[in-house]
Amino acid sequence: MSWRSPRAGDPESVRVVNEAKYVQHNPQTAEGSEGLAALFARISKSSPRVNVVRAFADGDFVFAHTEYDFSTRKIGFEVFRFEGDQAVEHWDNIQPREGPNLSGRTMVDGETEPTDAERTEANRERARAFVSDVLLAKNLDLIATYVDEALIQHNPRLADGLHALRAYLDGPAISYERCHRLLADGSFALAVCEGARDGVHTAFYDLFRFDSNGVIVEHWDTIEHVAPPELWKNDNGKF
């Protein structure tokens, strides 16, 4: 599948979609290839530029970290589920580009290539445990068990380091309530979670990079408010 053509507004890219099975989870896009064709046509009017910064595979899933320059600049994660060479399901999480952060890092720079392919399942389970213990249960005394003291941080509002992340999670604004999916490819794992920010229904996509000992050493994310159901263009839900 071409990652560039769908977000660059190329209607021909709908050919990789299985129209009979395709399930769309972007609430602002109608179901099926007709909805995608309308989306691409709308995007093409803004002379879009797309850069896929990092891309991964996990079984039937492909997931990518992408920067978009449509009429505004945004950062997102795209997740596709494939059957054969056709996409049958799609999720995404997109937010306005911000930063650099207090450590001078952007939302997309840093390591891009997965290593340690043999540790894919081990890192998936480490990510699952971190999400369960720290993000969901908010047991912040365990955070040093999972995260390196010198964490490289790409969240646009945080600085590097374990302590900045802990202070952020300890505040009242962020609440993780459910993890829907964990995808992994070697040293990288993506957590797809649901919760609230400032009391508003929110989707959290967190990408972690692990070292060879299973410790989180780098972090990227996107945070997007979930539109109320009455504004959705399909009935499949964000997650």
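Which residues of helix α5 are buried? Leu162, Leu165 and Leu169, within a helix that covers residues 162-170. Buried means under 20% relative accessible area, and exposed means over 50% (1.4 Å probe, protein chains only). Down the axis of α5, these buried residues fall within an arc of 70 degrees, so they line one face of the helix. That arc is taken from the directions from the helix axis to the C-beta atoms. Now the general rule: an α-helix has 3.6 residues a turn, so residues three or four places apart point the same way.

Turn to the face away from the buried side. There α5 carries the exposed residues His163, Ala167 and Asp170. And the buried residues? They pack against α3 (120-136), α4 (143-146), β6 (147-153) and β7 (174-185).

A word on the source. This is a predicted model: local features need pLDDT of at least 70, side-chain atom pairs count only at pLDDT 80 or more, and totals for chains, interfaces and linings use all residues. Residues are numbered from 1 along each chain as its sequence is written, and side-chain values use heavy atoms, with hydrogens and water left out.

How confident is the predictor? pLDDT gives its confidence in each residue, from 0 to 100. The protein chain averages 91, and 87% of the residues score at least 70. Residues 1-6 stay under 50. Where pLDDT is low, the predicted coordinates should not be read in detail.

Last, the second largest pocket. Its lining residues divide into six nonpolar, two polar and five charged. Thanks.

How values were computed: Helices (H or I, at least four residues) and strands (E, at least two) are DSSP runs, numbered from the N terminus. Contact means heavy atoms within 4.5 Å. Ala, Val, Leu, Ile, Met, Phe, Trp, Tyr, Cys and Pro count as nonpolar, Asp, Glu, Lys and Arg as charged, and the others, Gly among them, as polar. pLDDT is the predictor's confidence in each residue, from 0 to 100.
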